[in-house]
Amino acid sequence: MVLPSDHDQSRNQTTRARGQLYVLLTQFRKEAVQSNDAEVSGMFLTAAEVIAGLARSFREYERHTQPDNSEDASGSDCSS
C-alpha cells in the first residue's frame, strides 16, 4: 500500500529529476544550434527529444499523484 507521504516523497523526487532533465534538454538544444556538424547537431536534437519525452512522463506521474486529483477530474460526471 502506498501512503500519501510516499506519494509526496515520490513527487518531490520526480520534480527534482524533471528540473535536471530540463536543464539537460536546454543544453542539448543549445549545443545543436551551435554545432557546425549536421550529424552532431542531429544527435543533440534527437537526444533532446528523448529527454523531453522523459520529462513529460515525470510530469504526468506528478499530475496523476496529486492529492486533489479525483475520479471526477477525468471529465466523467456520474451525477447526470
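**Reading a core and its salt bridges**

Analyst: This is a predicted model. Start with the largest nonpolar core: L21, L25, F28, A48, I51, A52 and A55, seven residues in all.

User: Which helices supply at least two residues each of this core?

Analyst: Helix α1, residues 4-34, and helix α2 each do. Helix α2 gives the most, with four residues.

User: Now the charged residues. How do I read a salt bridge?

Analyst: Begin with the general idea. Side chains of opposite charge can pair when their charged atoms come close. Now this structure: the model holds four salt bridges. One of them joins R18 and E62, with the closest N and O atoms 2.7 Å apart.

User: Which parts does the pair R18 and E62 tie together?

Analyst: R18 lies in helix α1 and E62 in helix α2, so the pair ties together parts 44 residues apart in sequence.

User: Are R18 and E62 buried or exposed?

Analyst: Both are buried. The cut-off for buried is under 20% relative accessible area. E62 has 7%, so E62 counts as buried.

User: What else does E62 touch, not counting residues up to four places away in sequence?

Analyst: E62 touches R11, T14, T15 and R18. Look at T15 closely. Its backbone nitrogen lies 3.1 Å from a polar atom of the E62 side chain.

User: Where does R29 come in? Which residue forms a salt bridge with R29?

Analyst: E49 does, and the closest N and O atoms are 3.5 Å apart. E49 lies in helix α2 and R29 in helix α1, so this pair ties together parts 20 residues apart in sequence.

User: How accessible are E49 and R29?

Analyst: E49 is partly exposed, with a relative accessible area of 46%. R29 is partly exposed too, at 38%.

User: Show me a salt bridge inside one helix. How far apart are R63 and E60 in helix α2?

Analyst: R63 and E60 are three residues apart in helix α2, so about one helical turn separates them. They form a salt bridge, and their closest N and O atoms are 3.0 Å apart.

User: What is the relative accessibility of R63 and of E60?

Analyst: R63 has 45% and counts as partly exposed. E60 has 32% and is also partly exposed.

Technical notes:
Residues are numbered from 1 along each chain as its sequence is written. This is a predicted model: local features need pLDDT of at least 70, side-chain atom pairs count only at pLDDT 80 or more; totals for chains, interfaces and linings use all residues. Side-chain values use heavy atoms; hydrogens and water are left out. Buried means under 20% relative accessible area, exposed over 50%, partly exposed in between (1.4 Å probe, protein chains only). A polar contact is a pair of N or O atoms within 3.5 Å; within protein, one must be able to donate a hydrogen and the other to accept it, and residues adjacent in sequence count only if both atoms are side-chain atoms. Contact means heavy atoms within 4.5 Å. A nonpolar core is a set of buried Ala, Val, Leu, Ile, Met, Phe, Trp, Tyr and Cys residues joined through side-chain atoms within 4.5 Å. A salt bridge is a side-chain nitrogen of Lys or Arg within 4 Å of a carboxyl oxygen of Asp or Glu.
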